[in-house]
Amino acid sequence: MPDGNIQFIGRVDNQVKIRGYRIELGEIEAVLTRHPQVTNAVVTVREDSPGDKRLVAYVVATEKEELQANELRQFLKTKLPDYMVPRAFINLASLPLTASGKINHKALPPPDEGELEVQKEFAAPRTQVEASLAQIWSEVLKLQKVGIHDNFFELGGHSLLATQVISRMRGVFDLEIPLRTLFESPTIDELAVAVTHMRENKPGSNFPPIDRGKRN
């Protein structure tokens, strides 16, 4: 580029398949570099845990101040489908290069748990049902903590992980919970209401109404 920066365009065959979707990494990178505060970017697929493939974006900002993940995520969501939005965004001073000037993917650092979480105000569980759901989500999504207003799919959840969550919920709550419930109620707050309603209306159930706690 005229200013001396190296822009990684990517190969024509730089495609990956995640959760059944074929994704062109270069397309995501091209959109990221259209952000006014991004001077360079590379997107890669990481599988730091077996079976958990996820898109991770590495960005170089035009200014010294770090870019916020939520800002970049919302920017991409206006231009790309959800399945093409990276789960984590990592700020770098510069992209690591090989001796030949290509992106050194092996030198890209793995995201930590904090970078994988959606950055929003944390709201802790208020009831036993919410606490049980938060524990299930934390274990399945491999996150340290989950707020009751966090969206399962924004946290990196997908259909396969949703199946695991529903399976665990059926065991914990002794209910036949349809898979669509998680898609219709993707936050713990909403899901707890759905679970409570199912328990209270289960034929022959002696479950007492669950205390929903104080709601703000």
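User: What angle do the axes of helix H1 and helix H2 cross at, and why does that pair get its label?

Analyst: The axes of H1 (residues 25-32) and H2 (residues 69-77) come within 10 Å of each other and cross at roughly 110 degrees. Axes here are lines fitted to C-alpha atoms, for helices over the stretch in contact, with angles from 0 to 180 degrees between N-to-C directions. Under 35 degrees is roughly parallel, over 145 roughly antiparallel, 65 to 115 roughly perpendicular, and the rest oblique. The H1/H2 pair is therefore roughly perpendicular. One caution: this is a predicted model, where local features need pLDDT of at least 70 and side-chain atom pairs count only at pLDDT 80 or more, while totals for chains, interfaces and linings use all residues. Numbering starts from 1 along each chain as its sequence is written, and side-chain values use heavy atoms, with hydrogens and water left out.

User: Which residues make that H1/H2 contact, and what makes up the contact by class?

Analyst: Ile28, Val31 and Leu32 of H1 meet Leu72, Phe75 and Leu76 of H2; contact means heavy atoms within 4.5 Å. By class, that's six nonpolar residues, with no polar and no charged ones. Nonpolar covers Ala, Val, Leu, Ile, Met, Phe, Trp, Tyr, Cys and Pro; charged is Asp, Glu, Lys and Arg; the others, Gly among them, are polar.

User: How many helices and strands are there, and how do you know what counts as one?

Analyst: The chain has seven helices and five strands.

User: What makes a group of residues a nonpolar core, and which residues have the most contacts inside the largest one?

Analyst: Such a core is a set of buried Ala, Val, Leu, Ile, Met, Phe, Trp, Tyr and Cys residues joined through side-chain atoms within 4.5 Å. Buried means under 20% relative accessible area, exposed over 50%, and partly exposed in between (1.4 Å probe, protein chains only). The largest core has 26 residues, and Leu133, Trp137, Phe152, Val165, Met169 and Leu182 have the most contacts inside it. Helices H4 (128-141), H5 (159-173) and H7 (188-200) each supply at least two of its residues. H4 gives the most, seven residues. Apart from this core lies another, of 23 residues, Leu55, Ala61, Leu67 and Met84 among them.

User: Is Ser185 buried or exposed, and how do you know?

Analyst: Ser185 is found in the loop between H6 (180-184) and H7. Its relative accessibility is 13%, under the 20% limit, so Ser185 counts as buried. Ser185 touches Glu190, Leu191 and Ala194, leaving aside residues up to four places away in sequence.

User: What makes the phi of Lys142 worth a look, and why is Lys142 given its accessibility label?

Analyst: Lys142 is in the loop between H4 and H5. Its phi is near 60 degrees, a positive value in a residue other than glycine. Most residues other than glycine have a negative phi. At 44%, Lys142 falls between the 20% and 50% limits, so "partly exposed" is the label. Asp174 has a positive phi too, near 55 degrees, and lies in the loop between H5 and H6.

User: Why is Leu175 given its label?

Analyst: Leu175 lies in the loop between H5 and H6. Its relative accessibility is 7%, under 20%, so Leu175 is buried. Leu175 touches Arg170, Val195, Met198, Arg199 and Lys202, not counting residues up to four places away in sequence.

Technical notes. Helix = DSSP H or I, 4+ residues; strand = E, 2+ residues; numbered from the N terminus.
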